[in-house]
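Let's take a walk through this structure together, with charged side chains as our guide. Have a look at it first, and then we will go from pair to pair.

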Amino acid sequence: MSSNLGNKIIKRVSFNPNSLRKPAFYRLSLGEDALRLDALLDENSRIEVFDKIDAQLTELVRIKNPGKNLSPEDVEQLIKQHTQLDDLAYYGVWVFYPWSNKLVHILDEEEFIAVRTNRNQHKITRKEAEILRSKKIGVIGLSVGQAIALTLVMERCCGEIRIADFDTFDLSNYNRIRTGIHNIGVSKLTTAAREIAEIDPFIKVVCYEEGITEDNIDDFLIKDGKLDLMAEECDSLDIKILSRIKAREYHIPVIMDTNDRGMIDIERFDLNPEYPVLHGLLGDMPYQQLKGLTTEQKIPVMLRLIGLQTLSTRSKVSLLEVGQSISTWPQLASSVMVGAGVVTETARRILLNQLTVSGRYYVDSETIIKQDITEAPAYVPVKLNELSLDEMRGIIKDAQQGENGAIKDKDVLKALVSDAGAAPSSGNDQPWKWLYSKNKLFLFHEEARSYSFGDYRNMASYTSLGAAIENVALSAHKQNIDISVKLFPVENNKKLVAEILFNGIEQTKSTGATDNLADYIYTRTTNRKIVNNEPAPDDVLQQLQQATESVEGAKVFFKTDKAPLQAIGRIISVVDRIRLMHPHGHYDFFHREMRWTEAQAKATRTGMDINTLEIPQQALMALRLFSDDNIMKVVRDIDGAQAFKGFSIPAAVNSAAMGLVTMPAYTPVDFINGGRAVQRQWLKATQLGYAYQPLIAPLYLFPRIVHGGGEDLTGQMIAELTQARDSFMQLFPGDEKRGEVFLFRIFKGDDVVNRALRLSLDDILFID
Ligand SMILES: Cc1cc2nc3c(=O)[nH]c(=O)nc-3n(C[C@H](O)[C@H](O)[C@H](O)COP(=O)(O)O)c2cc1C
């Protein structure tokens, strides 16, 4: 830019202080005003004059003669008669707007109001208009409040309006606040005052430029006459409450629009001074407690106020995204305009004594104007039939009889299978069914319980089944019962996982690393607490390693330094997010694994009871929102839920150690044996006083790219997984063909209070 142009621009920069917000009136019939206007025109060469008094008079005389079809000559005649003036400059009033240097010639107050509100009749009768003219309304907060204030003024629902806001306009306000872009940086208060004056300079506007505070709320409500109604639209939660407490004290009704689903709240403190503030939704929360909260801190309070269930889907999505892809709540012009309309209409009826209710109402066009759209669900669940007893009997028909010590005492058998049932399983799906027949104990894979996105090629199930087998082995060993386990005894039938033979009294007394582990079968739990830990000592890791690697082929690799722990936490989080975003993964987690109420958990006795997960309140709320398919549709669309990419980092970083258990190959047999190794390790950790949590999501998804060519994943998911896989291989280098069985963390922390339920023995053991 040339310096010349720069200078020109600087010279023209508007000096327009916020304090300029009242127009000046000049009535030339008063000599003094004529002199003042004369002087103003002399000193200010930038003034533009707008003189359409003739048009206004034309309307006036037509309004006064509603039934007549007046010709232009008639009108001219009538105007002459009415004004008794040759020079119309002396008629009415000249209004000078100093912020825009506009001098406008208008009818004086009574005639101006009569013409300006003529089209209100008889939706608003003259009598009602007169009543409304005597009313004083206060509006706190001038974002949504600006639209409300202007609508109230346009409709002339009051003679005086008190407005309060301390904020200035940002460009990002312009999606919903109707004002010119020259007002960027100008106070919202000044802008509203000016716009009111530009619509109707005769309305009294009282400005509170610091917004509402403890110091000025009384003035705002009662100085120079008590308000007849308060519209509250501010962002500060403390002021929301304080202003209501005070309005209640002074018996002033309050109305609020919340800009979502056309939600309107009415609190008739005038009719019922006992009415609880905000319908009692916040209880007796002292307003001081809510001062100066950040947007994120406000969310839980706002939710109590608005109600999570009643929010619109898009608001729920936005709620999840605040602080991630967006910095604050979204608001739309359409909602603001509807809100302003509804508030004005309701306010008018309150002021005219035509409405006496208090409560919460919705003017939600989305639910009023709707159409049933049947969209294909993102995922249609696969329903498998449970294995029947006949089917199991059919499968074992060919299993050879052989020599077998058998179990004569059924209580011993039941105890063994109960111990097996206490084993951990993926999502607590307990994919096992036991059949005792022909003196042998058969273990079946109940796929109807385990079928899921995570159970790729059934490997998660095999791990759980391996853990269950290990419990039987440990328990038998404890009772000196010698057993041998044969995996997949019937060729080409993977439903029958194992056949357990009872060989009589055990000869070898000690199995070394696994001795005594049976004692911890019922104390072992999954502990999901996050407790800051020092790295686990070497001897602990060594003992865990011994227990794990006592299964042939099993290996465990530990990490204890913060940097690799952080890296693992990130990988888990990235993969967890992919699971969330994947329709099948999402379905499984929210609708198959999770039990959202205690009753649900008790009825099924499988799955994960949300109350046992020890999830912080905020995260729980987010989870509940993410469970909604409609929300997920939008989240997928915006590639949202990015916050998930850090979700598991705290759990990882605060651990005493994390580890990976591997087996030589990615095969069902190796995963069953891997499950046995895991169970030994987990029980050993329990014995050593360490809490334990599997964090297995990466091992569920990596095989889809390593062994399955990206099966059932989108390109983006494959790309993200490939990247996560690279990081993972740097942390745990090795052969891509190995079986990666378990990823877990250990830590010292308080015990779990609520244990996960198990199916009853009748559901898992069948005796022929
Ligand atoms: C194969 C497998 C995978 C698992 N994955 C996870 C996991 O990723 N995150 C988690 O918190 N728990 C995981 N668990 C633990 C189970 O949720 C837990 O065993 C089940 O809910 C029963 O609870 P309990 O272990 O306290 O008895 C897994 C368990 C198994 C056997």
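In this predicted model, the count of salt bridges comes to 42. Side chains of opposite charge can pair when their charged atoms come close. K188 sits in helix α8 (residues 188-199), while D167 belongs to the loop between β6 (160-164) and α8, so the bridge ties together parts that are 21 residues apart in sequence. With a relative accessible area of 3%, K188 counts as buried, because the limit for that label is under 20%. D167, at 29%, is partly exposed.

Now follow the chain to another pair, R577 and E720, which form a salt bridge with their closest N and O atoms 3.7 Å apart. This one links distant parts of the chain: R577 is in helix α20 (residues 562-581) and E720 in helix α28 (residues 715-731), 143 residues apart. Both partners are buried.

K240 and E232 also meet in a salt bridge, at 3.2 Å from N to O, and both of these residues are buried. E232 leads us to S243, which touches it along with I140, I217, L221 and M230. S243 lies in helix α10 (residues 237-249) and is buried, with a relative accessible area of 0%.

Salt bridges can also join into a network, as they do for E109, E110, E130 and R133.

Note on methods: Residues numbered from 1 in each chain as written. Predicted model: local features only at pLDDT ≥ 70, side-chain atom pairs only at ≥ 80, totals over all residues. Heavy atoms only, no water. Helix = DSSP H or I, 4+ residues; strand = E, 2+ residues; numbered from the N terminus. Buried < 20%, exposed > 50% of the residue type's maximum accessible area, 1.4 Å probe, protein only. Contact = heavy atoms within 4.5 Å. Salt bridge = Lys/Arg side-chain N within 4 Å of Asp/Glu carboxyl O. Lists of a residue's contacts leave out its neighbours within four places in sequence.
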